[in-house]
Amino acid sequence: MKNIRKYIIVSALFMVAFAFLNLTYAQTETFEDIAFRAMQDEMNRNMSELRLDKLKSPYYLSYLITDANLYSIEAQLGALVKVVDKPLRQQETSVMVGSNQRNNLNFINENKLFGWYGGSFNIPLTLENNYDAVRRSLWVETDVKYKEATELIEAKLSAMNQQNIPAEELNLADFSAIPPLNKIISSPKINFDKAKIETLTKTLSAVFSNYPHLTKSGVNTYIYTADVLYANSEAITYKVPFSLVCVRVYAEAVAADGEPLMDYINFYFNAPEQIPALDILNQKVNQMASLLTELRSAPAIQESYSGPVMFEGEAVGEIVAQCFVDNPNGLLAGRKPVVSSPMLLQRYGQYLPKENNLEQLTDKKVISRELSVAAIHDKNSYNGTPLVGYYEIDAQGVVPAAKTVLIEDGVLKRLLTDRTPTMQNANSSGHRVFALSNGAMTGALGSGIIELTSVETKGYAALKEALIAAAKEEDYEYAYIVRKMANPMAGVPGLSTFVPSSNTGIFTVSRPIYIYRISVKDGKEELVRSAKIADLSLKSFKRIVGVADTQEVYNTLQKGKQDGLFGYATSQFSLVGAPASFIVPKAIVFQELEVEKDKDIVLKKETIVPSPLLSGK
């Protein structure tokens, strides 16, 4: 009896100790540990058990979890408008059926085009460190994605059997292979003083109180930090810390004739401590507000012009970004998908992904032989300026080369790619970059860091003289200098007036925000408005007059290419896009561009009652 009692007591103590150890472990286990354990367990289970009737089992499965926090402040005229301080957790699941040679990717039918596959059945990811809750979210999403994948591959194979597809397209794999990877990058400590950030935001917004002719203004400061956790069935596992700080300043105005005007400044950094001192930012905001006020009374151009044009400062970075990257026929590879029917192509062809026509010019001259373009990944700053486009590994677990030559001496060598092969680019260059969408991280084919260099350069003064000389040669009394172009991903009010519609299927750069007419007689500059550049494209870089001998960094957010057909259009998050950095010359002069009045501008009527900042009542 004593032995039995002793056994019961010992067993009870053991169970208590075991429960205590489990509780202690549960309390000390981080979300990173829980997420990786849940992803691996659910992946193993689904890879072995997921099957629907007689349909194929998945051969590939990946999970990407974003564990993030957003702190943002919005202020207008020195007063707080909105404060957000919250955690964000989201997941992204990918399921493929078939093989790397032929799977459910690179195919479009009506259901895929209009998003009719079960996206409403997902369960939000828990904000608590609960293993069971994480697994259930992954399980539900995996089930939905698997059913979608099986439907897509059956429809794809059926469509391919009914279409006369060229042999080279049939032989092209749907997904490229990459080596296994296990990389856990430690997360840096991100510390910042919330009261200091609030003061900075309010103080910068108060600057606009001194500019009563501006109809709208504000400042947003975003501090976004995240750990991106990833695991797939190919033995690829990583943790990548991500942080983006943005101080966004914006303002709107109306010209005397009713033309809507706007300007903005987006300061991008990797960490809060990189934000410049308040007096430096304050000076830049005052300059912006003063220049926008001046633009209200600037004359609108009336005549058309076809001659030399200089781009200077951040305008150079923006046109390189738009012409070389966010261009359907730029340096991002494009794969023509299999389409379910000719009718779908006829009705909705402008919305569908397309083959990049530039790829057909591989080993051919595509820009001036003076110029070369490369994607670089051997530095995270340039002359003291942080490069927000830097990353160690891409969203698919590929490590990019230190330097990828894209255009050498004007000749196209290759395009930037992810794991979707194209005719001339079979393997990934590691450019499935991380992008912000709906508060979470996702993958988008993007540029990272792009460097444009020239073997022939001039000092700025000599370049300006070359601009004037070229205009004289064309018998013009003036030439144009563009100092700021609108960024389609700037995320500020009033942007739509300066950005072309994306539904036309025709590439067009955005409108200039600040463009100057320079006299060839005395070099005097005059600020003008209402202009658009009608014919600027990558081909324009074939005919250049000269390039400046100094380089500058242009940090921005870019659209890139996402899997979803409508990209960021559905995002409710105010900070969206893929961080990118461009190291470009301070100025470039083009031989001939068309500058003309934008006749699509819709003029506004004056307000009935003037601004209270003006009336003083």
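**A helix across a sheet**

Mentor: Start with helix H8 (residues 314-325), which lies across S10, S13, strand S17 (449-454), S23 and strand S24 (578-585) and runs at about 120 degrees to S24. Keep in mind that this is a predicted model.

Trainee: What is the strand order in the open sheet of 6 strands?
Mentor: Read across the sheet, strand by strand. Here the order is S14-S13-S10-S17-S24-S23, and the pairing is mixed.

Trainee: Which strands stand at the edges?
Mentor: Look for strands with a single partner. Strand S14 (411-412) and strand S23 (551-558) each have just one partner strand, so one side of each is left without a neighbour in the sheet.

Trainee: In what sense do S10 and S13 pair?
Mentor: Antiparallel: S10 and strand S13 (residues 403-408) are joined that way over 4 bridges.

Trainee: Where does Asp363 lie, and is Asp363 buried or exposed?
Mentor: Asp363 is in the loop between helix H9 (342-348) and strand S10 (371-376). Its relative accessibility is 52%, and the cut-off for exposed is over 50%, so Asp363 counts as exposed.

Trainee: Where does Asn438 lie?
Mentor: Asn438 is in the loop between strand S15 (432-437) and strand S16 (440-445). With 33% relative accessibility, Asn438 counts as partly exposed.

**A lysine and some cysteines**

Trainee: Is Lys239 buried or exposed?
Mentor: Check the accessibility against the cut-off for buried, which is under 20%. Lys239 has 5% relative accessibility, so it counts as buried. You'll find Lys239 in strand S6 (residues 236-254).

Trainee: What does the side chain of Lys239 make a polar contact with?
Mentor: The side chain of Glu32, at 3.2 Å. Leaving aside residues up to four places away in sequence, Lys239 also touches others, including Phe36, Lys183, Ser187 and Asp227.

Trainee: And how many disulfides does the structure hold?
Mentor: The count is 0. As for individual cysteines, Cys246 is buried, with a relative accessible area of 0%. Cys323 counts as buried too, at 0% relative accessibility.

Notes. Residues are numbered from 1 along each chain as its sequence is written. This is a predicted model: local features need pLDDT of at least 70, side-chain atom pairs count only at pLDDT 80 or more; totals for chains, interfaces and linings use all residues. Side-chain values use heavy atoms; hydrogens and water are left out. Helices (H or I, at least four residues) and strands (E, at least two) are DSSP runs, numbered from the N terminus. Buried means under 20% relative accessible area, exposed over 50%, partly exposed in between (1.4 Å probe, protein chains only). A polar contact is a pair of N or O atoms within 3.5 Å; within protein, one must be able to donate a hydrogen and the other to accept it, and residues adjacent in sequence count only if both atoms are side-chain atoms. Contact means heavy atoms within 4.5 Å. Two strands pair if DSSP finds at least two bridges between them. Axes are lines fitted to C-alpha atoms, for helices over the stretch in contact, and angles run from 0 to 180 degrees between N-to-C directions. A disulfide is a pair of cysteine sulfur atoms within 2.5 Å.
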